Structures are given as C-alpha cells and as structure tokens.
Amino acid sequence: MTPDPVVCPSRAKDGAPRCALESFSRRIPMSAPVAVVSLLIVLLSTLGCFVRAPGLSMSMAEGDTLISVDYEIFGKVQGVFFRKYTQAEGKKLGLVGWVQNTDQGTVKGQLQGPFSKVRHMQEWLETKGSPKSHIDRANFNNEKVILKLDYSDFQIVK
C-alpha cells in the first residue's frame, strides 16, 4: 500500500508511515459496533450522575433527596427540655416531623427533609440534645426515600 502523498507525504526508512493518520488507522480500526458501545458507555456514565439505585451511597447531586426516619432516644431525656430543643434544632435545619415523650422514659419521633439535613439532625440527637440531657443511645429505623413531606412543621406532641 503506497501512502497518498496528500495525506501521508513521507515514510520512514523502514517503510513505516510517518503521518499520524495512516499510523492511527492501521493500529486502531474503528468499527460501527465499537463506536456504538463507546457512545453507550459515555451515556450511561453521564446518567449515573443523576440516577441512584436504592441502597447506594449518595453523591453531592443527590443531597436534595427527601427522606423520612423514625427515632427513639434513650437516657435522661425527659424533664430536661429535650423535646423543646429537638423542635428548635429541627426547625433551624428546615426539617419537619414530630417529637414526644413515651411512657418508658424515652423520647421518640419522626424526621423528614433533605438527606444531608436529616443526617445532621440524627448526629445532633445522638450526641448533643438539650444542655441538661444525657443521651445513652439513639435508635433510628424505618428510613425511606419520600416524594413529598407528610408534615408542614416540626411539632411537639403532648
């Protein structure tokens, strides 16, 4: 095969092509199926930034996903304004839900809001609480993704 002088004007002494176009086309043949597969991979990679399968960790773009989680806090959490401080912290974070004392001496409730804000509130419930409280443990369950909030405010239930 003689090189086209317009496309590949010269050859090396050993007869190998010197131009990039001829060299590239000989080494890496591009077929239609390979091009389609490559395009599909790029497309799926791009979509992966916007779509999350259930159970996978969240990326920064998914921080607005709404979740709901139930909680129960154990320790010295009654008679220390725990519900009042929980309501205030929830409202400060823009969360909705409720909080109430139980007959067992715990505090329970439900949080709803954006993923990152709910996580922040869970950490607050586990580690901080009201100034005079003493938290032994916090249980969180029934976590789920929700499409809309079930509450309009953060309420103390008596």
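**A tour of the salt bridges**

Begin by selecting Arg-119 and Glu-143, which form a salt bridge with their closest N and O atoms 2.7 Å apart; the term denotes a side-chain nitrogen of Lys or Arg within 4 Å of a carboxyl oxygen of Asp or Glu. This pair links distant parts of the chain, with Arg-119 in helix H4 (residues 115-127) and Glu-143 in strand S4, 24 residues apart. Helices (H or I, at least four residues) and strands (E, at least two) are DSSP runs, numbered from the N terminus.

The model is predicted, so local features need pLDDT of at least 70 and side-chain atom pairs count only at pLDDT 80 or more, while totals for chains, interfaces and linings use all residues. Residues are numbered from 1 along each chain as its sequence is written, and side-chain values use heavy atoms, leaving out hydrogens and water.

Arg-119 is partly exposed at 30% relative accessible area, and Glu-143 is partly exposed at 42%. Here buried means under 20% relative accessible area, exposed over 50%, and partly exposed in between (1.4 Å probe, protein chains only).

Next, select Lys-91 and Asp-153, whose side chains meet in a salt bridge (3.7 Å, N to O). Lys-91 belongs to helix H3 and Asp-153 to the loop between strand S4 (134-145) and strand S5 (154-157), so this contact ties together parts 62 residues apart in sequence. Lys-91 is partly exposed at 41%, as is Asp-153 at 29%.

Finally, select Lys-92 and Glu-89, where a further salt bridge joins the side chains (3.5 Å, N to O). Both residues lie in helix H3 (residues 82-92), three residues apart, about one turn of the helix. Lys-92 is exposed at 63%, whereas Glu-89 is buried at 10%. The structure holds three salt bridges.
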